[in-house]
Amino acid sequence: MPAKLFPTSLVGSYPQPDWLIDRARLSKMVPRVRVDDLWLPDPKELEAKQDEATLLAIRDQEQAGLDIITDGEQRRESY
């Protein structure tokens, strides 16, 4: 397969799943420091849920045929 002239990649952040972050609260603020209570999963499960969201973002990018895959910034409260 010949090399692509312009490799494709996600630019910016990939939307987080609704079950991961409180979008209603997030839409009313732009956190400049950590706001741990924006995350919806229990703190004990948060890392695993963020991993799950990251894998979903990666799969979507792979299915779309992107050349350069990112984590979609699934662990960021705000973009």
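1. Of the 79 residues of the protein, 27% count as buried. The model is a predicted one, and the points below should be read with that in mind.

2. On overall make-up, the secondary structure consists of two helices and zero strands. The radius of gyration is 15 Å, well over the 12 Å that the globule rule gives for 79 residues, so the protein is more spread out than a compact globule. Taken along the principal axes, the C-alpha atoms fill a box of roughly 50 × 25 × 20 Å.

3. On contacts along the chain, consider pairs of residues at least 6 apart in sequence. Among these contacts, 62% join residues at least 24 apart.

4. The largest nonpolar core has eight residues in all: L20, I21, L26, V35, L38, W39, L46 and A53. One of its members, V35, is in contact with R25, M29 and E77 when neighbours within four places in sequence are left aside.

5. Helix α2 covers residues 46-64. At 1.5 Å a residue, its 19 residues should span 27 Å, and the end C-alpha atoms are 27 Å apart, which agrees.

6. Which residues of α2 are buried? They are L46, Q50, A53, T54, A57 and Q61. Seen down the axis of α2, these buried residues fall within an arc of 100 degrees, so they line one face of the helix. An α-helix has 3.6 residues a turn, so residues three or four places apart point the same way. On the other side of α2, A48, E62 and Q63 are exposed. Two residues on the buried list, L46 and A53, also belong to the largest nonpolar core.

7. T54 lies in α2 and deserves a separate point. Is T54 buried or exposed? Its relative accessibility is 10%, and buried means under 20%, so T54 counts as buried. The side chain of T54 reaches the backbone oxygen of Q50 at 2.8 Å; Q50 is itself among the buried residues of α2. Not counting residues up to four places away in sequence, T54 touches D71, Q74 and R75.

8. Just after the helix, G65 takes a positive phi of about 85 degrees.

9. To sum up α2, one face of the helix is lined by its buried residues, T54 being one of them, while A48, E62 and Q63 are exposed on the other side.

Terms used: Residues are numbered from 1 along each chain as its sequence is written. This is a predicted model: local features need pLDDT of at least 70, side-chain atom pairs count only at pLDDT 80 or more; totals for chains, interfaces and linings use all residues. Side-chain values use heavy atoms; hydrogens and water are left out. Helices (H or I, at least four residues) and strands (E, at least two) are DSSP runs, numbered from the N terminus. Buried means under 20% relative accessible area, exposed over 50%, partly exposed in between (1.4 Å probe, protein chains only). A polar contact is a pair of N or O atoms within 3.5 Å; within protein, one must be able to donate a hydrogen and the other to accept it, and residues adjacent in sequence count only if both atoms are side-chain atoms. Contact means heavy atoms within 4.5 Å. A nonpolar core is a set of buried Ala, Val, Leu, Ile, Met, Phe, Trp, Tyr and Cys residues joined through side-chain atoms within 4.5 Å. The expected span of a helix is 1.5 Å times one less than its number of residues. The arc is that of the directions from the helix axis to the C-beta atoms. The radius of gyration is taken over C-alpha atoms; the globule rule is 2.2 Å times the number of residues to the power 0.38.
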